[in-house]
Amino acid sequence: MNNMACDLTTGVCGVGGDEEMELIDFNDPQEVIHLYYVTDPICSHCWALEPVLQRFITQYGHYFNFHTVMGGLLESWNGFADVQNGISKPSDITGHWREVGEHSRMPIDGSLWQDNPIQSSYPPSRVFKVIQKMNEANATVFLRRAREAVFAFNQNIGEDRVLIDIVNQMGLNGEQIVEEANQTSSQELLEQDFALAGRLGARGFPTIIMVNEQNKGVKIVGARSLQDYVNGLKQVLSSTEELQLRPQPTLSKLLVKEHTLFSKEIEIMYDLEQAEVQSYIQAELSPNEYVEKEIVGELYIQEK
C-alpha cells in the first residue's frame, strides 16, 4: 500500500513536514484524456495484461475516460493463419496459449483447442456490445468473466449456452442478451468497433491508445509493464506535475468486486512476491470470505 502513512517511529498519522501551510487541490484532473483499449475476448496476451491493466485503471483511472474497443481477432477459420506463431488450425493454438500462460502466470489451460475449438471470437464480442449498449460497467464485468471462462476454466465462449450461463451469473437475462447478440444489428455495432480500431491504427492486441484534447497521443502495443502505461499517460498530459495515485483497494474489497482473483493479480496490485501471496491473503481476509484453489499450477481465490 504505497499511500499508507501511519509511522510508529515519528508518531505521525500522515506524512509530516516542516511546512505550516500548503495549498492543495482535491479536484480530479480537468484535462480530458481518452484511453482506447483495443482487445478481443480470446486474445491471450490481453488476458496476460489483466493484472497490470487492473492496477493502472485503479490508481490512474481518474486521469482518463476508458473505452473498450473490440478488434475482431477471429472471424472464422476459413483462410485464417498466424504465420509468426505457427498457427493455421485450432489445435495449433494450444501450445501458444500455454506458453503465454507460463510466461505471464495468468493461468491458461488451452486444451479446448484440441477438444472443442472456438470457431469465432465474434459471438462473445457481440454479447459484449449488447451489454455495453445497456451498461458500460456490466460489459466490463462480462468481458472479465468470459476471459476467466475460456482461459482458466477451458470453456468455449463461442457457444451460446456458455455465453448464456456467464450472463445469467451476472444477474442479467442471458437468453435475451445472447439472442439479441445474434441479430444483424449487433454485428453492425461490432463493425463500428472494427472501424474505430482501424482509425486508431490498431493492428494487434492488446493495443492501448491514449489521446489528449489536442488529438495527440501515444500508442502502446502488446502487454507491457505498469511503468510503460504510466509513462505513456505522462506523455499525453500537458501538466508536468507529479501524477496523483489513488490508493489500492483492500484485498477484501477487490475480491468482492472481482469474485475471482489469481495470484499474479494480487502480486501486481500489492507489490508482492509470489511466495508472499498466501500469507498476505491469510492476513487480509477472514476464512469465511474466500475459498483458496489452484489451477494450472497457480493459486487463486474466489469469494464465498
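Colleague: Which residue forms a salt bridge with Glu 50?

Modeller: A salt bridge here is a side-chain nitrogen of Lys or Arg within 4 Å of a carboxyl oxygen of Asp or Glu, and the closest N and O atoms of this pair are 3.4 Å apart. Glu 50 lies in helix H1 (residues 44-60) and its partner in helix H5 (residues 136-152), so the pair ties together parts that are 97 residues apart in sequence. Helices (H or I, at least four residues) and strands (E, at least two) are DSSP runs, numbered from the N terminus. The partner of Glu 50 is Arg 147.

Colleague: What pLDDT do local features need?

Modeller: Residues are numbered from 1 along each chain as its sequence is written, and side-chain values use heavy atoms, leaving out hydrogens and water. This is a predicted model, in which totals for chains, interfaces and linings use all residues, side-chain atom pairs count only at pLDDT 80 or more, and local features need a pLDDT of at least 70.

Colleague: Is Arg 147 buried or exposed?

Modeller: Buried means under 20% relative accessible area and exposed over 50%, with partly exposed in between (1.4 Å probe, protein chains only). Glu 50 is buried at 13%. Arg 147 has a relative accessibility of 1% and therefore counts as buried.

Colleague: How many salt bridges does the structure hold?

Modeller: One of them joins Asp 92 and Lys 89, at 3.0 Å from N to O. Lys 89 counts as partly exposed because its relative accessibility is 42%. The number of salt bridges in the structure is 13.

Colleague: Which residue meets Glu 267 in a salt bridge?

Modeller: The N to O distance of the bridge between Glu 267 and Arg 105 is 2.7 Å. Glu 267 is in helix H11 (residues 263-270), while Arg 105 sits in the loop between helix H2 (93-104) and helix H3 (112-115), and the two are 162 residues apart. Both Glu 267 and Arg 105 are buried. The residue that meets Glu 267 is Arg 105.

Colleague: How many of the eight residues of H11 are buried?

Modeller: The buried residues of H11 are Ser 263, Glu 265, Ile 266, Glu 267, Met 269 and Tyr 270. Their cover, with contact meaning heavy atoms within 4.5 Å, includes H1, H5, helix H10 (251-258), strand S7 (260-262), helix H12 (277-284) and strand S9 (298-303). H11 is largely enclosed by the rest of the structure, because the number of its residues that are buried is six.

Colleague: What is the angle between the ring planes of Trp 47 and Phe 151?

Modeller: Rings of Phe, Tyr and Trp (its six-membered ring) pair if their centres lie within 6.5 Å; planes under 30 degrees apart count as stacked, over 60 as edge-to-face and the rest as tilted. The whole structure has 15 aromatic pairs. In this one the centres are 5.6 Å apart and the pair is stacked, because the angle between the planes is 10°.

Colleague: Where do Trp 47 and Phe 151 lie?

Modeller: Trp 47 is buried at 0% relative accessible area, and Phe 151 counts as buried at 0% too. The pair ties together parts 104 residues apart in sequence, because Trp 47 lies in helix H1 and Phe 151 in helix H5.

Colleague: Which residues touch the most other members of the largest nonpolar core?

Modeller: A nonpolar core is a set of buried Ala, Val, Leu, Ile, Met, Phe, Trp, Tyr and Cys residues joined through side-chain atoms within 4.5 Å. The largest one has 42 residues. The members touching the most others are Trp 97, Trp 113, Val 127, Phe 142 and Ile 157.

Colleague: Which residues does Trp 113 touch, not counting those up to four places away in sequence?

Modeller: Trp 113 also belongs to a cluster linked by ring pairs, whose members include Trp 47, Trp 77, Trp 97 and Phe 151. Beyond four places in sequence, Trp 113 touches Ile 42, Trp 77, Pro 90, Ser 91, Ile 93, Thr 94, Trp 97 and Ile 118.

Colleague: Is Asn 215 buried or exposed?

Modeller: Asn 215 is in the loop between strand S5 (207-211) and strand S6 (217-221). Its C-alpha atom is separated by 40 Å from that of Gly 110, which is 105 residues away along the chain. Asn 215 has a relative accessibility of 68% and so counts as exposed.
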